[in-house]
Amino acid sequence: MTALNQDAPAEQSREVIGVTGLGKRFGPVAALQDVSFCVHEGEFVAVMGPSGSGKTTLLNILSLLDTPTEGSYRLDGIETAHLSEKEQVIIRREKIGLVFQQFHLIPYLNAVENVMLPMTVAGLAHDKRPRADELLDLVGLERRKHHQLSELSGGEQQRVAIAVALANHPPLLLADEPTGEVDTVTAQLIYDTFRHLTSEMGITTIIVSHDPSIAKQVDRVVAIRDGMLASETVRQ
């Protein structure tokens, strides 16, 4: 990996995320300070840093679950500072898929029912089951669709969670420590799933992680330390 050349010409692909001078304070504590970077369509990016570095705070802002105290955040060309709470909810539902470390699945629903749930919430009356089947096939769970969550391994549940995040066709996928609860082999399967989504389907993916092995999996690493952008590197 080599240092990103900040003077290089901008990529031709569309900017999906642009943050400029982003800051977040909790009282006197600055969780983020003057963070600036952009992510283009179809990129696979890791945000890395030690615990307490501010990377989860950054992800919460990118996912519209929190707001910055200073700076600018553009999502798909939209300046998010001007959005109402209702508009944020709509954009989050339509443009962002979220994957969490703890899966956030409904335990009394089976795999396919979990994937259909966000489509029901979004008011999609048609094609829910074919879409859910397609997504579970995509993440390698074609034989596990009707299993209860208690019958699935941690890695399988995380892949169900990825399918859930993709249910409403979001162009952006944000994942917070998605391999934190699984073993190394399963983690690689999950990384391979994310890579397929970006390279074959053009979904822009950002993973927050402290796992050093992810640096070899992604297109670019954005390193956060003490709430500030420490470096950006691009994989050759």
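**Pocket and helix packing in a predicted model**

Me: Which helices and strands supply at least two residues each to the lining of the largest pocket?

Reply: In this predicted model, the elements that each supply at least two lining residues are helix 2 (85-95), strand 7 (96-99), helix 3 (111-121) and helix 5 (154-165).

Me: And which helix gives the most?

Reply: Helix 3 gives the most, contributing 4 residues to the lining.

Me: How much space lies in that pocket?

Reply: The largest pocket holds about 570 Å³ of space. It is lined by 20 residues, and those closest to its centre are Ile 96, Leu 98, Pro 118, Val 164 and Ala 165.

Me: What classes of residue make up the lining?

Reply: The lining has 14 nonpolar residues, together with 4 polar and 2 charged ones.

Me: Now the helices. What does one need to describe two packed helices?

Reply: Two values are used: the angle between the axes and the distance between them.

Me: Fine. What are those for helix 3 and helix 5?

Reply: The axes of helix 3 and helix 5 lie 8 Å apart, at an angle of about 25°. Angles under 35 degrees count as roughly parallel, so helix 3 and helix 5 are roughly parallel to each other.

Me: Is the crossing left-handed or right-handed?

Reply: Helix 3 passes helix 5 in a right-handed crossing.

Me: Which residues make the contact?

Reply: Helix 3 contributes Ala 111, Asn 114, Val 115 and Pro 118, while helix 5 contributes Val 160, Ala 163 and Val 164. By class, 6 of these residues are nonpolar and 1 is polar, with no charged residue. Two names return from the pocket: Pro 118 and Val 164 are also among the residues closest to its centre.

Me: What about helix 3 and helix 4, at what angle do they cross?

Reply: Helix 3 and helix 4 (residues 128-138) cross at roughly 125°, and their axes come within 9 Å. The two helices are therefore oblique to each other. Helix 3 passes helix 4 in a right-handed crossing.

Me: Which residues meet there?

Reply: From helix 3 they are Ala 111, Val 112, Val 115, Met 116, Met 119 and Thr 120. From helix 4 they are Lys 128, Arg 129, Arg 131, Ala 132, Asp 133, Leu 135 and Leu 136. This contact has 8 nonpolar, 1 polar and 4 charged residues.

Me: Last pair: how far apart are the axes of helix 5 and helix 6?

Reply: The axes of helix 5 and helix 6 (residues 184-201) are 10 Å apart, and the helices pack at an angle of about 20°. Helix 5 is therefore roughly parallel to helix 6. The crossing of helix 5 past helix 6 is right-handed.

Me: And which residues make that contact?

Reply: Helix 5 uses Gly 155, Gln 158, Arg 159 and Ile 162, and helix 6 uses Thr 186, Ile 190, Thr 193, Phe 194 and Leu 197. The classes here are 4 nonpolar, 4 polar and 1 charged.

How values were computed. Residues numbered from 1 in each chain as written. Predicted model: local features only at pLDDT ≥ 70, side-chain atom pairs only at ≥ 80, totals over all residues. Heavy atoms only, no water. 1 Å grid on protein atoms, 1.4 Å probe; cavity = no way out; pocket = protein on both sides within 12 Å on 5 of 7 lines; lining within 4 Å. Points joined across faces, edges and corners; volume = space filled by probe spheres on them. Nonpolar A, V, L, I, M, F, W, Y, C, P; charged D, E, K, R; others polar. Axes fitted to C-alpha atoms, helices over the stretch in contact; angles between N-to-C directions. Parallel < 35°, antiparallel > 145°, perpendicular 65-115°, else oblique. Left-handed = near helix turned anticlockwise from the far one by under 90°. Contact = heavy atoms within 4.5 Å.
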